Amino acid sequence: MIVLDLSCDREHRFEAWFASSEAFEHQLAAGLVSCPQCGSGSIRRLPSAPYVQTSSHSAPAAPPAPDPQAIARRLIEALRQAASQSEDVGERFAEEARRIHHGDAEERPIRGQAKTAEMIELMEEGIPVLPVPPDKEDLH
């Protein structure tokens, strides 16, 4: 595993873990790397100093293993935060997502409801969609 220093086009700096430099390049090319702060997909790798072991006693301590539940909680919270800053188009979600994708409507973040079949169709058309779990207050 390697930890890379990254930055988005809005100069938000963050770290990310990858299996290798090649894994990072592959994920970046596939559009799978985005800024956790603003969601931008324009990411660049920042220079970082390599670790050089000078003696057997100078090896750095291994970082603590990431807590999957904590990561999931942070991810869901970030998704909810992003959703709260988007326009709610309700049941017109699939239609409006297509209009935006085809340039027939202003590009903007939207949220709404869509059936599973509609979401699959959108993804097959190359329109990125992401289900966001409802907040606890939205469940009642």
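The paragraphs below walk through the cores, cysteines, surface patch and salt bridges of a predicted model. Residues are numbered from 1 along each chain as its sequence is written, and side-chain values use heavy atoms, with hydrogens and water left out. Because the model is predicted, local features need pLDDT of at least 70 and side-chain atom pairs count only at pLDDT 80 or more, while totals for chains, interfaces and linings use all residues.

The largest nonpolar core has eleven residues, including Val89, Phe93, Ile110 and Leu122. Such a core is a set of buried Ala, Val, Leu, Ile, Met, Phe, Trp, Tyr and Cys residues joined through side-chain atoms within 4.5 Å; buried means under 20% relative accessible area, exposed over 50%, and partly exposed in between (1.4 Å probe, protein chains only). Two elements, α3 (93–101) and α4 (116–124), each give two or more residues to this core, and α3 provides the largest share, four residues. Helices (H or I, at least four residues) and strands (E, at least two) are DSSP runs, numbered from the N terminus. Another core, of ten residues, lies apart from this one and has Leu4, Leu6, Val33 and Ile43 among its residues.

Next come the cysteines. The whole structure contains zero disulfides, a disulfide being a pair of cysteine sulfur atoms within 2.5 Å. The sulfur of cysteine 8 has its closest cysteine sulfur in cysteine 38, 3.8 Å away, which is too far for a bond. The sulfur of cysteine 35 also has its closest cysteine sulfur in cysteine 38, at 3.7 Å, again too far for a bond. Cysteine 8 is buried, at 1% relative accessible area, and cysteine 35 is buried at 3%.

Charged side chains complete the picture. Seven salt bridges are found in the whole structure, each a side-chain nitrogen of Lys or Arg within 4 Å of a carboxyl oxygen of Asp or Glu. Glutamate 11 and arginine 44 form one of them (3.2 Å, N to O). This pair links distant parts of the chain, 33 residues apart: glutamate 11 is in the loop between β1 (2–8) and β2, and arginine 44 is in strand β3 (residues 43–45). Glutamate 96 pairs with arginine 92 at 3.4 Å and with arginine 99 at 3.1 Å. Arginine 99 and glutamate 96 are about one helical turn apart because three residues separate them in helix α3. Glutamate 96 is buried, at 3% relative accessibility, whereas arginine 92 is partly exposed at 40%. Glu87, Arg92, Glu96, Arg99 and Arg108 are linked in a network of salt bridges.
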